[in-house]
Amino acid sequence: MAGVAQGSNQHGNHSGNHRRLKDRADLFQRQDNTDDRAFYSFPRLVIHVDEQASGVLAGYLADRLPRGSDVLDLMSAWRSHMAEDHGLASLTGLGMNETELADNPALTSGLVHDLNKLPALPFADRAFDACLILFSLQYLLKPVDVMTDIARVLRPGGMLHVAYTNRLFPTKAVAVWRHSGDVERARLIAAYLDETGAYGEPEARRLVDGSAGGPLYVVSAAKA
């Protein structure tokens with residue numbers, strides 16, 4: 001699973017009659033449609049992976065985030081799965097719970113923002129060298145819009161890294177994610193990226209096979 005091809009044929013089961021993914025409201029239905037601010041009003045101190053997988057992800061990111069970079073941790077929580085001495089110039093967390101962001105030792109700053117209400121990011125153009133979405137893409141109601149705006153805040157050649165596993169809050173995850181398998185989810189992320197028109201060809205990797213716990217996958221793409 002070293003790569004994921006782009007193009008409309010990769011939309012497969014998710015695109016139906018070739019309508020844009022972002023226009024398919026049925027794909028983004030949730031079991032719980034109550035206000036997300038209520039759901040995240042108290043800290044949820046979970047990381048969706050075990051400690052071993054978290055360490056593997058930290059090593060992966062250390063190899064791909066140059067020291068001195070400015071990085072955005074989107075949909076951030078109380079941990080960012082980063083090496084203790086990550087050496088970044090800045091790691092900005094944008095999440096839903098102020099207590100979780102304040103408790104995250106890797107962040108240099110944090111901001112509460114609801115992307116399902118406001119998909120536009122509250123940052124200037126070309127503010128970051130990379131963006132991370134770690135174990136939370138499944139909760140976005142407008143992932144294509146969010147990924148499009150991520151490209152705006154990335155510098156030329158900036159990277160987007162999306163990590164996922166098979167753990168989630170099921171009532172808040174969108175239907176297309178819940179009904180997809182692990183490999184299908186990599187293709188779905190590639191389809192989101194393709195629809196933005198803002199990224200190069202994505203690469204998908206399985207970092208942990210899940211034999212001893214949950215699997216771990218990362219899909220990465222550079223701003224075109």
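The largest nonpolar core of this predicted model has 39 residues. Leu74, Ile150 and Tyr199 have the most contacts inside this core. A nonpolar core here is a set of buried Ala, Val, Leu, Ile, Met, Phe, Trp, Tyr and Cys residues joined through side-chain atoms within 4.5 Å. Buried means under 20% relative accessible area, exposed over 50%, and partly exposed in between, with a 1.4 Å probe and protein chains only. Strand 1, strand 4, helix 4, strand 5, helix 5 (175-178), helix 6 and strand 7 each supply at least two residues of the core. Helices (H or I, at least four residues) and strands (E, at least two) are DSSP runs, numbered from the N terminus.

Contact means heavy atoms within 4.5 Å. A second, separate core has 21 residues, including Tyr60, Leu132, Leu134 and Ala163.

Residues are numbered from 1 along each chain as its sequence is written. Local features need pLDDT of at least 70, side-chain atom pairs count only at pLDDT 80 or more, totals for chains, interfaces and linings use all residues, and side-chain values use heavy atoms, with hydrogens and water left out.

Seven strands make an open sheet in the order 3-2-1-4-5-7-6, with mixed pairing. Two strands pair if DSSP finds at least two bridges between them. Strand 3 (109-112) and strand 6 (203-208) each have a single partner strand, so one side of each lacks a neighbour in the sheet. On average, neighbouring strands are turned by 20 degrees against each other, direction ignored. Strand 1 (residues 70-76) pairs with strand 2 (residues 90-95) in the parallel sense, over six bridges. Asp70 stands opposite Ser90 in strand 2.

**Helices on the sheet**

Axes are lines fitted to C-alpha atoms, for helices over the stretch in contact, and angles run from 0 to 180 degrees between N-to-C directions.

| Helix | Strands involved | Angle to strand 5 |
|---|---|---|
| Helix 4 (residues 143-153) | strand 1, strand 4 (128-134), strand 5 | about 140 degrees |
| Helix 6 (residues 182-196) | strand 5, strand 6, strand 7 | about 155 degrees |

Helix 6 has 15 residues and reaches 22 Å from its first C-alpha to its last. That is close to the 21 Å expected at 1.5 Å a residue, the expected span being 1.5 Å times one less than the number of residues. Its buried residues include Arg185, Leu188, Ile189, Tyr192 and Thr196. Their cover includes helix 4, strand 5, helix 5, strand 6 and strand 7. Gly197 follows helix 6 and has a positive phi, near 70 degrees.

**Aromatic pairs**

The structure holds five aromatic pairs. Rings of Phe, Tyr and Trp (its six-membered ring) pair if their centres lie within 6.5 Å; planes under 30 degrees apart count as stacked, over 60 as edge-to-face and the rest as tilted. Tyr164 and Tyr217 have ring centres 5.1 Å apart and planes at 10 degrees, so this pair is stacked. The pair links distant parts of the chain, 53 residues apart: Tyr164 is in strand 5 (residues 154-164) and Tyr217 in strand 7 (residues 216-222). Tyr164 is buried, at 1% relative accessibility. Tyr217 is buried at 6%. Tyr164, Trp177 and Tyr217 form one aromatic cluster.
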